[in-house]
Amino acid sequence: MNYQLNHLKELESESIFILREVAAQFENPVLMFSGGKDSILMVYLAQKAFYPGKIPFPLLHVDTGHNFPETIEYRDALVEKIGARLIVGSVQEAIDKGMVTEEQGVNASRNGLQTVALLTALEEGKYDAALGGARRDEEKARAKERFFSHRDEFGQWDPKNQRPELWNLFNGKKRYGEHFRVFPISNWTELDVWQYLAMEKVELPSLYYAHEREVFERDGVLLANSPYIEKKPTEVVKKMMVRCRTIGDVTCTGVWASKATTTDQIIEEVATTRMTERGGRTDDKRSETSMEDRKKKGYF
Amino acid sequence: MDYKSSELLRFTTAGSVDDGKSTLIGRMLYDSKSIFQDQMEAIEASSLRRGESEVNLALLTDGLKSEREQGITIDVAYRYFSTPKRKFIIADTPGHIQYTRNMVTGASTANVALVLIDARHGVVEQTRRHAIIASLLQIPHLVVCINKMDLVEYSEEVYENIKEEFEKFASKLEVKDVHFIPMSALNGDNVVDRSENMSWYGGSTLMYYLENVHIGSDHNIIDCRFPVQTVIRPQTDEFHDYRGYAGRVAGGSFKKGDKVMALPSGFTSTIKKIDSFDGEMTEAYPPQSVTILLEDQIDISRGDMIVRVNNVPKVEQDIDVMVCWFHERPLALRGKYALMHTTQDARCVIKDVKYKLDINSLHRNLEDKNIEMNDIARVTIRSTKPLFVDSYRKNRITGSVIFIDEGTNETVGAGMII
């Protein structure tokens with residue numbers, strides 16, 4: 001008998017352990033669902049963690065209103081299939097209520113506005129733990145993130161004063177009004193996610209596979225042509241074979257020229273690529289510490 | 001690349017600014033093609049802005065604004081890379097600020113510890129400190145990287161002297177598996193590629209070692225321990241009477257039909273089924289997350305432990321612990337703290353401080369009972385309820401605890417049960 005798991009099964013087991021800890025330690029958790037591959041993986045792992053029971057917490061989608069239609073179709077089908085409860089936090093509503101002001105101009109994005117809609121949804125639902133699919137390999141500020149990340153009553157992150165995490169003991173103790181962000185797939189890399197989804201034959205939104213789409217180039221990044229993005233006069237729309245490596249708001253998600261139409265081809269592409277997946281995220285490029293700055297305020 | 005047979009290895013590195021640790025990590029990431037073009041461009045630009053003449057690889061891991069401002073690593077940084085054989089998680093811990101707290105944190109889950117020695121300086125105080133922490137935390141494998149061999153003319157004699165000095169000191173420690181590698185991280189000698197400058201060295205390169213060291217026995221697979229995390233009761237028509245105990249195997253191997261006992265109740269039963277989303281399993285071993293079903297309806301909930309009838313852990317309230325203190329507020333003798341052990345929550349009182357350990361010399365100071373941040377001490381605690389414990393030496397999962405301040409909820413200390 002060989003008592004050695006492969007690395008994907010070991011990562012899976014670690015994530016399931018974290019998900020079960022959240023169900024046991026918190027009264028009212030919620031799973032943040034963006035429709036991207038990482039949150040799809042999270043839902044899949046949560047199904048495994050509580051099988052044959054249902055996932056014991058709802059899914060929360062913070063909707064910027066500027067989605068790829070494929071994301072919403074996939075989301076609704078998934079929710080129906082697994083019998084989960086879906087809560088939608090709306091950025092449009094936050095704008096309408098005057099809680100936030102919409103950015104103007106060619107670089108306008110609702111990405112930053114998500115924080116307000118997210119914190120409002122967390123407060124309204126009185127959620128004490130918000131599960132997210134962030135990974136440490138994604139971005140340098142996320143590399144310092146804990147599995148159990150404490151947030152004060154304003155939803156803020158204090159990176160210099162984090163609780164040390166040892167062995168598999170996760171301290172989720174908090175005062176009333178505070179909450180936790182929990183990241184069960186912290187130790188996964190982009191390649192791990194793809195290898196695992198291939199191994200488990202998990203179905204993903206069509207956006208992740210190469211397809212023909214109208215795109216234009218801005219600052220070296222390809223963006224999908226969409227009524228939500230104002231184009232500069234010099235920016236020319238052309239048709240190309242592309243796919244998404246991450247999925248966020250249409251306005252800040254770059255697409256990549258790709259011919260990969262199957263998961264195995266994607267794995268090969270990811271294994272040989274020389275750019276990080278967030279290399280196409282214009283929201284990260286606003287400054288050197290833009291992720292940390294947003295995270296401190298409560299961004300996911 | 002057959003990723004389905006690739007294993008996961010966690011290792012920790014510790015060192016100060018000058019011993020070439022960043023260069024070594026950078027070298028491993030670079031040579032395994034784990035640094036991406038846009039990351040490289042971003043740190044090149046940052047290094048240039050800072051007026052540094054070379055690309056500063058530390059900027060890859062020092063992601064926080066205050067770290068970049070001060071040019072120091074504040075926190076444990078996790079880095080990832082993989083080769084066709086294994087996926088690696090590096091817990092990179094800073095050598096200067098809060099070194100004990102960070103090293104202990106990084107070491108708690110590691111299979112391998114890398115200790116760096118500058119060949120020009122040999123075994124110094126910091127080397128001893130790193131090795132002692134690796135030993136206290138029972139990291140199964142220790143690799144002593146004798147670095148900067150290029151600066152001592154790749155001398156075998158220098159290498160042998162350092163090796164001998166380290167071995168003499170390490171004989172006082174509890175490290176089972178020590179390995180020495182002479183290298184130059186800067187030039188890449190014996191990191192990924194074999195050195196042409198040290199033909200006298202017949203051992204493996206660091207990467208070869210990390211890819212091949214046997215980690216299958218790092219978990220305890222003898223003593224069966226299953227701390228229950230939560231109970232799964234779907235209460236649907238299909239699974240009406242389903243009552244499954246969800247958890248992660250902390251030790252030993254569980255099979256269907258095994259006679260088991262539940263702690264603290266002491267009731268015995270038989271394993272009816274080991275269940276998972278992927279179907280019934282014939283056997284479960286560490287670190288698998290599974291669901292166990294028993295033949296009999298007995299009262300089991302979170303914090304309880306399922307064990308084998310003929311092999312039970314100690315059930316105790318008075319426990320001796322090596323504690324590493326993490327907080328600015330010193331440990332309070334006779335103070336009360338919340339405690340987490342496996343999936344159990346309890347409270348405890350610090351009854352006695354037996355001695356403080358000097359982590360540079362292993363000297364036991366029986367007089368100094370003032371335990372401050374980054375100190376390590378042997379203490380006796382009494383918990384409000386019995387804990388099901390093994391010695392840390394026997395099992396790192398059932399042998400570890402954390403202490404939590406009841407006022408602020410901060411994690412203030414980590415303990416290894418003796």
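**Entry 1. Conventions**

I number residues from 1 along each chain as its sequence is written, and chains are lettered from A in the order in which they are written. The model is predicted, and local features need pLDDT of at least 70, side-chain atom pairs count only at pLDDT 80 or more, and totals for chains, interfaces and linings use all residues, while side-chain values use heavy atoms, with hydrogens and water left out.

**Entry 2. Confidence and make-up of chain A**

I looked up pLDDT, the predictor's confidence in each residue, from 0 to 100. Chain A has a mean of 84, and 84% of its residues reach 70 or more. Confidence in chain A is highest in helix H1 (residues 7-25), at 97, and lowest in helix H8 (residues 290-297), at a mean of 66. Where pLDDT is low, the predicted coordinates should not be read in detail.

I found eight helices and 10 strands in chain A; these are DSSP runs numbered from the N terminus, helices being H or I of at least four residues and strands E of at least two. Of the 300 residues in chain A, 64% are buried (under 20% relative accessible area; exposed is over 50%, partly exposed in between; 1.4 Å probe, protein chains only).

**Entry 3. Barrel in chain A**

I noted a closed barrel of four strands in chain A, in the order S7-S8-S10-S9, with antiparallel pairing. Its neighbouring strands are turned by 70° against each other on average, direction ignored (axes are lines fitted to C-alpha atoms, and angles run from 0 to 180 degrees between N-to-C directions). Strands S9 (residues 238-244) and S10 (residues 254-257) of chain A run antiparallel and are joined by three bridges; strands count as paired if DSSP finds at least two bridges between them. Within S10(A), Trp256(A) is the bridge partner of Arg243(A).

**Entry 4. Strand S19 of chain B**

I followed strand S19 (residues 376-389) of chain B, which is joined by 10 bridges to the antiparallel strand S15 (residues 314-325) of chain B. Met322(B) has Arg378(B) in S19(B) as its bridge partner. S19(B) also pairs with strand S17 (residues 344-357) of chain B, antiparallel, over eight bridges.

**Entry 5. Backbone details**

I recorded a cis peptide bond between Tyr51(A) and Pro52(A), with omega about -5°. Pro52(A) sits in the loop between helix H2 (37-50) and strand S2 (59-63) of chain A. A cis peptide bond also joins Pro286(B) and Pro287(B), with omega about -5°.

Gln138(B) is not a glycine, yet its phi is positive, about 55°. Gln138(B) lies in the loop between helix H6 (125-136) and strand S5 (141-147) of chain B, and it is buried at a relative accessible area of 9%.

**Entry 6. Lys148(B) and its salt bridge**

Phi of Lys148(B) is likewise positive, near 65°. I found a salt bridge from Asp118(B) to Lys148(B), the closest N and O atoms being 3.7 Å apart (a side-chain nitrogen of Lys or Arg within 4 Å of a carboxyl oxygen of Asp or Glu). Asp118(B) is in strand S4 (residues 112-118) and Lys148(B) in the loop between S5 and H7 of chain B, so the pair ties together parts that are 30 residues apart in sequence. Both ends are buried, Asp118(B) at 8% and Lys148(B) at 17% relative accessibility.

The contact (heavy atoms within 4.5 Å) takes 89 residues from chain B and 72 residues from chain A.

Seven salt bridges cross this interface. Among them, Lys173(A) and Asp345(B) meet at 2.9 Å, N to O. Asp278(B) and Lys9(A) also form a salt bridge, at 3.4 Å, N to O. That pair runs from the loop between strand S11 (268-275) and S12 of chain B to helix H1 of chain A. Asp278(B) is partly exposed at 49% relative accessibility, and Lys9(A) is partly exposed at 24%.
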